[in-house]
Structures are given as structure tokens and as C-alpha cells.
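Visitor: I have a model to walk through. Please take me around it, one question at a time.

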Amino acid sequence: MCGIVGYVGGREAAPIILASLKKLEYRGYDSAGIAVLSHGKLAVCRSEGKLENLELALRQKPISGTIGIGHTRWATHGRPSELNAHPHRAGEVVVVHNGIIENYLDLKEELLGRGVKFDSETDTEVVAHLVNEKINKGAEFLAAVQKTLKEIDGSYALVFLNQSDPKRLILAKNSTPIVIGCGDGETFVASDIPALLDYTRKVTFLEDGEVAEVRADGFRVLDRKGKAVQRSFKEIAWDAVAAQKGGYRHFMLKEIHEQPRAITDTFRGRISPKNGDVLLDGLPFGPAELREIDKIHLVACGTAWHAALVGKFMLEEIAQIPAEVDYGSEFRYRFPLLGSRSLLLLISQSGETADTLAGVNLARSKGSRIVSICNVVDSSLARKSDGVLYTHAGPEISVASTKAFTTQLTALFLLAVGLGRLRGSVNVSEGRRFLRELIHLPKKIEEALKLENDFDQLARELKGAANFLYLGRGLNYPIAQEGALKLKEISYIHAEGYPAGEMKHGPIALIDETMPVLVLVPKDRYFQKTMGNLKEVESRGGKTIVLTDEPGTFAASAFRVLTVPKTSHYLMPIVLTIPLQLFAYYVAVHRGTDVDQPRNLAKSVTVE
Ligand code: F6R
């Protein structure tokens with residue numbers, strides 16, 4: 001996720017672009033850049049790191065001009081660096097991009113074949129070259145962009161500026177947002193509304209497949225076929241902080257709702273549904289090396305550790321590779337049996353968690369391979385690993401992890417299917433089936449999100465309970481633990497997550513009529529067993545809240561039965577996570593705690 005902005009009007013563009021980028025810094029903050037048409041020539045300024053570095057560079061060398069574009073980056077392709085920062089330039093064209101161009105490697109190869117030289121490692125630079133090539137061959141600016149869009153696949157919000165066409169910006173959209181704001185003799189462009197609110201409240205959103213031509217005195221929208229589209233304005237009444245949260249009350253809720261998009265971005269470009277295969281882009285090992293792996297050690301902390309527990313099921317059952325899971329803080333001080341055929345798989349949203357990072361040195365000394373599943377590009381963990389499977393969740397601002405978790409599960413599923421195909425435990429048709437199910441997952445998540453009102457209501461009813469128990473079996477017992485952790489973290493209520501069958505060995509003593517018990521009962525191979533555990537709770541007076549995809553079978557004795565959409569066995573943990581996140585969120589809201597910054601917690605724990 002990146003932030004993009006554009007300005008055309010009568011004022012100095014650079015300060016407006018900078019101020020707008022500041023409002024979008026939550027979308028990315030590893031590098032930033034700006035391009036302004038200054039005295040008839042493109043002036044580009046980019047810098048690595050936070051926006052303040054760009055501000056400093058511009059203070060030292062100001063750029064004057066009344067049309068320009070800007071970008072704040074959250075790296076996906078190419079590490080955070082000045083060269084990879086946007087805008088990207090080819091000839092007289094500059095572009096800023098939010099999204100992922102899936103077929104950029106093929107396009108880059110073709111361009112290299114035609115003698116084009118690249119300055120960066122990004123997917124975006126390909127787009128700049130494609131447009132520039134067409135302009136060089138005589139195409140008009142807008143037509144060159146339209147033709148280029150036919151060649152690229154993926155998600156994008158793009159803003160182009162052309163030195164030889166100084167009065168307009170060209171915009172294009174597919175799957176990632178872009179909004180146009182109208183002022184008096186000036187027009188603004190941004191990824192999100194907060195960037196515009198200091199200048200205008202009159203906005204309009206582009207739709208997928210649309211292209212827009214933006215000038216100081218207004219704009220024109222064209223559909224996929226180049227036909228003009230009528231577009232009316234919306235008046236925005238939000239205040240700026242609320243807008244930064246996209247209209248949501250908290251970042252956590254916003255991030256919960258971003259999950260269909262984040263999951264799509266994580267598998268996008270990595271799957272070949274036709275061949276039932278997965279492109280393990282982050283692994284720098286050849287097929288022979290990957291076949292050789294005899295054990296996977298998953299190491300992580302907190303929520304990421306829960307993802308690792310689910311990953312163990314996926315890797316052992318799908319890829320048929322023995323796997324074990326450790327907390328980072330434990331792994332570093334024990335003597336795990338690592339060898340040159342072991343793979344250390346570290347999972348971390350931030351890539352900066354000290355205990356997780358400590359596993360790297362241990363594995364290095366034993367000659368093991370090291371791969372991480374990480375959200376922050378070029379984080380310490382990413383740099384120290386041999387390979388990285390990035391989750392493309394975008395920045396996670398809320399301390400309680402939500403979209404990072406479900407994208408970690410998505411990446412683990414991709415890894416399990418990819419390794420399974422490579423090692424022969426998954427054949428083509430099974431691979432196709434797995435990937436078909438994955439492609440449908442974002443829709444299922446959207447359906448699960450519709451349970452929001454039910455969980456808001458349930459949270460109101462149960463917010464006074466002093467303890468909660470969460471139960472699940474198989475690869476859903478870590479989800480019970482994750483549900484309990486979310487509740488603890490943000491509502492400060494004591495909660496335990498347990499494998500349902502383990503309850504009778506201790507926690508059952510806690511059950512009475514004051515104890516709400518959330519039970520995950522999907523219709524899987526554990527269904528009858530978990531039903532048995534449910535009865536054990538009910539017969540002791542516990543208040544059961546059942547989450548299931550098979551609601552018909554539950555007796556009226558359950559306090560509440562809530563239905564989640566059906567999905568396949570290995571993706572059910574992701575679907576079941578959504579209601580548990582919503583429940584924890586609403587309990588915290590109704591108890592009045594600080595949801596996004598709960599007491600005593602830090603977003604990344606960089607100390608032991
Ligand atoms: C829980 C949470 C923490 C983190 C843990 C690891 O909501 O956010 O438990 O999951 O501190 O952090 P990362 O994934 O950054 O290594």
C-alpha cells in the first residue's frame with residue numbers, strides 16, 4: 001500500500017503535494033518522492049526514509065511549479081531506497097503508482113530486449129517506459145496511457161505527468177483507490193480523502209477500469225472503451241483524523257475491513273490456477289534444495305506464533321514436511337536439532353521483533369536455510385533471511401494485529417501448496433482445487449464481515465464478563481488462542497484459548513453460568529468431537545457462543561449460534577478469525593478502552 005497525490009492549479013505544487021503526502025503517511029513510509037514541472041522541465045526529488053527526509057531535501061533545493069505528483073512508498077517490489085522511490089521517470093514521462101503490476105517481469109524482459117535501460121527494481125518503472133515508448137512513436141499522451149493499460153495486469157492507481165503536455169495529469173485505476181478533489185481553479189488527486197480535506201470537500205472516486213484527464217479547471221473521466229463517463233461530486237463532512245481512518249472509528253476496525261484486499265494482494269501474482277501451482281517468489285532455492293528439506297522449524301511471537309501453529313498443520317498435511325513451532329523467546333535459548341537440511345521459517349509482521357530475530361543467528365551457525373514471512377519490506381528480519389515471502393497487508397497501524405495475521409495464514413497456505421506441488425504430495429488437480437478455493441476466499445471474508453452487527457450486539461451483552469474461554473480443534477485451536485489474545489489485549493478481560501479436547505483436563509473446572517465460551521465448530525473431521533465438548537460446557541451451565549458453517553445441528557441450548565460462510569478445510573481458520581476480531585473489537589469499544597493503543601503494549605517489541 002502506498003500513497004499517491006497530484007496537483008494542478010495556480011499555486012505552488014510542491015508544498016501542497018508534501019502536505020497531502022503527510023496525511024497519507026499511514027499508507028507507507030519507507031521512501032517518498034515528488035515531481036513538478038518547473039519552468040518547462042521535470043524536476044524530480046526523492047529520498048529514502050520518512051517524509052521528513054524529502055521535506056529537508058526540498059528545503060535545500062526547492063522546486064517551483066504549479067503541476068506535480070507525489071508518492072509515499074510501502075515497498076513491495078524492490079527494497080526501500082532512493083532509486084526505488086517514486087516518481088519513476090522514462091524520457092519526458094513520470095509516474096506514481098499504488099498497487100502491484102503482476103506481469104512486470106515479462107514486460108521488463110521485452111523492454112530490455114528493445115534496449116530500454118532500467119534505474120530501479122520496481123514493477124512501476126515498466127509502466128513509465130511503456131508509456132514513453134508510445135509517445136516516442138508519436139502517440140498522444142492520453143492514448144499512450146490507454147494503450148499501456150491494455151498491456152499491464154494487476155492492481156494500480158497511477159498518476160502520470162508529461163513534460164511535453166504541461167497542463168494535465170492522466171490517472172488510471174484498477175483495484176486500488178484514487179480520488180479527485182475539485183477546488184476553485186485547481187484540482188487535486190490522492191489515494192485517500194484525508195490528503196484532500198485541507199483544500200476541498202468536493203470529491204469524486206474513479207471506478208475500476210476508468211481513466212481520467214485532470215486539469216486545473218476540472219476533469220474528464222473515460223471508461224475502459226474510452227467513452228466519456230458522467231461523474232457527480234460527493235461532499236465530505238468528516239474531520240481529517242476520522243478521514244485518515246477511512247471513516248472508521250479506529251484503525252483496528254479499518255484494518256479488519258481491509259482483509260479481503262490484503263489477502264488478495266498476498267496471493268496476487270503468485271498463483272497459476274491453470275497449472276495448480278504457486279510461484280514461491282521469495283525463496284532463493286532451487287527445486288532440488290527445496291525437495292531436500294527434512295524439517296521446518298517455525299518461530300514467531302504473539303499473533304504470528306498462532307499463525308505458525310496453523311502453518312504446522314498446513315505444512316505437514318499438505319506438503320508432508322515435518323514441522324515444529326517455537327516461541328521466539330524459547331527457541332533462542334534451547335538447543336533445537338537444526339541441520340543443513342532444516343528450514344527455519346520465521347514469521348513476523350514488523351520484521352523487528354527481537355526474540356524472533358534471535359533465531360536467525362542460531363540457524364546460521366547450523367547451516368540451515370532461513371526464510372521469513374514478513375510484512376515490512378527490508379526490515380531487519382527480511383534482510384537477515386535467505387528469502388522472504390512478503391505478505392502484502394500494507395502498514396498495520398493498530399497495535400492489535402489483524403490483517404497481518406490473516407495474510408500470514410495466506411502466505412503459509414501458498415508455501416504449503418507450493419512445496420507440496422514441488423515435492424509431489426499435491427498433484428495438479430489438487431493444486432488447482434486448493435487455488436480455486438483461495439481465489440474465492442476474499443469473497444468469503446466479505447461475507448464474514450457482514451456479521452459485524454451481530455458481534456457488536458453480542459459484545460454489548462457480554463462486555464461485563466470477567467473471563468472468557470475459546471475452544472477449537474485441529475488447525476482451528478490456534479484460532480481460538482488468537483481470539484482469546486485479541487480480547488485480552490484490547491479489552492483487558494482475561495481469556496484463554498484451548499484445544500477443545502483438552503478442556504476436560506483442567507479448564508472445565510472454571511465453567512459455570514458466568515463463563516462465556518466461544519466454540520469454533522466448522523463442519524470438518526472434528527465436528528462430532530467438538531460437539532461433544534460443547535455439550536460438556538452446556539451441561540455445566542456455561543454460556544456457549546457457537547461459530548459454525550453448519551448452523552442447523554445446534555440445539556436451542558446454545559446462548560448464540562452465528563454462521564460463517566463455508567470454505568475449504570485449510571482456509572477455514574482465516575474465515576473464523578474475522579468474527580473473533582470483530583468480537584474483541586466491539587467488547588473493547590463497549591468497555592471504553594483505547595482500542596488502537598492498548599495499555600502496556602507496543603506495536604513491535606524490539607527488546608528482549
Ligand atoms: C498481537 C500482536 C503481537 C505481535 C507480536 C509479534 O495482536 O500484535 O502479539 O503479533 O508482538 O510481532 P511481529 O509480528 O511484528 O513479530
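This is a predicted model: local features need pLDDT of at least 70, side-chain atom pairs count only at pLDDT 80 or more; totals for chains, interfaces and linings use all residues.

Guide: Gly-209 touches Lys-173, Asn-174, Leu-222, Asp-223 and Arg-224, leaving out residues up to four places away in sequence.

Visitor: Is Gly-209 buried or exposed?
Guide: Gly-209 sits in the loop between β11 (202–205) and β12 (211–215). Its relative accessible area is 15%. The limit for buried is under 20%, so Gly-209 is buried.

Visitor: How far apart in space are Gly-209 and Ala-172, C-alpha to C-alpha?
Guide: In sequence, 37 residues separate Gly-209 and Ala-172. In space, C-alpha to C-alpha, the distance is 7.3 Å.

Visitor: How are α10 and α14 oriented to each other?
Guide: Helix α10 covers residues 302–317 and helix α14 residues 403–423. Their axes come within 9 Å and cross at roughly 25°. Angles under 35 degrees count as roughly parallel. Therefore α10 and α14 are roughly parallel to each other.

Visitor: How do the residues of the contact of α10 with α14 divide by class?
Guide: The crossing of α10 and α14 is right-handed. From α10, the contact includes Ala-304, Ala-307, Val-310 and Leu-315; from α14, it includes Phe-405, Leu-409, Leu-412 and Phe-413. The contact of α10 with α14 divides into 13 nonpolar, four polar and no charged residues.

Visitor: How many charged residues does the contact of α4 with α5 have?
Guide: α4 passes α5 in a right-handed crossing. Val-127, Leu-130, Val-131, Lys-134 and Ile-135 of α4 meet Phe-141, Ala-144, Val-145, Lys-147, Thr-148 and Glu-151 of α5. By class, this contact of α4 with α5 has seven nonpolar residues, one polar, and charged residues numbering three.

Visitor: How many residues of α19 are buried?
Guide: Helix α19 (residues 572–591) has 20 residues. It reaches 29 Å from first C-alpha to last, close to the 28 Å expected. α19 is largely enclosed by the rest of the structure, because the buried residues among its 20 number 18.

Visitor: Which residue takes a positive phi just after α19?
Guide: Helix α19 ends at residue 591. Just after α19 comes a phi of about 75°, and the residue is Gly-592.

Visitor: Is Ser-491 buried or exposed?
Guide: Ser-491 lies in helix α17 (residues 477–491). Leaving aside neighbours within four places in sequence, Ser-491 is in contact with Val-587, Ala-588, Arg-591 and Thr-593. Its relative accessibility is 0%, so Ser-491 counts as buried.

Visitor: What is the phi of His-39?
Guide: His-39 is in the loop between β2 (31–38) and β3 (41–48). It is exposed, with a relative accessible area of 73%. Its phi is positive in a residue other than glycine, near 50°.

Visitor: What is the phi of Gln-320?
Guide: Gln-320 is in the loop between α10 and β19 (323–327). At 52% relative accessibility, Gln-320 counts as exposed. Here too a residue other than glycine has a positive phi, near 60°.

Visitor: Is the peptide bond from His-86 to Pro-87 cis or trans?
Guide: Pro-87 is in the loop between β4 (67–73) and β5 (88–90). Omega of the bond from His-86 to Pro-87 is near 0°, and the bond is cis.

How values were computed
Residues are numbered from 1 along each chain as its sequence is written. Side-chain values use heavy atoms; hydrogens and water are left out. Helices (H or I, at least four residues) and strands (E, at least two) are DSSP runs, numbered from the N terminus. The expected span of a helix is 1.5 Å times one less than its number of residues. Buried means under 20% relative accessible area, exposed over 50%, partly exposed in between (1.4 Å probe, protein chains only). Axes are lines fitted to C-alpha atoms, for helices over the stretch in contact, and angles run from 0 to 180 degrees between N-to-C directions. Angles under 35 degrees count as roughly parallel, over 145 as roughly antiparallel, 65 to 115 as roughly perpendicular and the rest as oblique. A crossing is left-handed if the near helix is turned anticlockwise from the far one by less than a right angle, and right-handed if clockwise. Contact means heavy atoms within 4.5 Å. Ala, Val, Leu, Ile, Met, Phe, Trp, Tyr, Cys and Pro count as nonpolar, Asp, Glu, Lys and Arg as charged, and the others, Gly among them, as polar.
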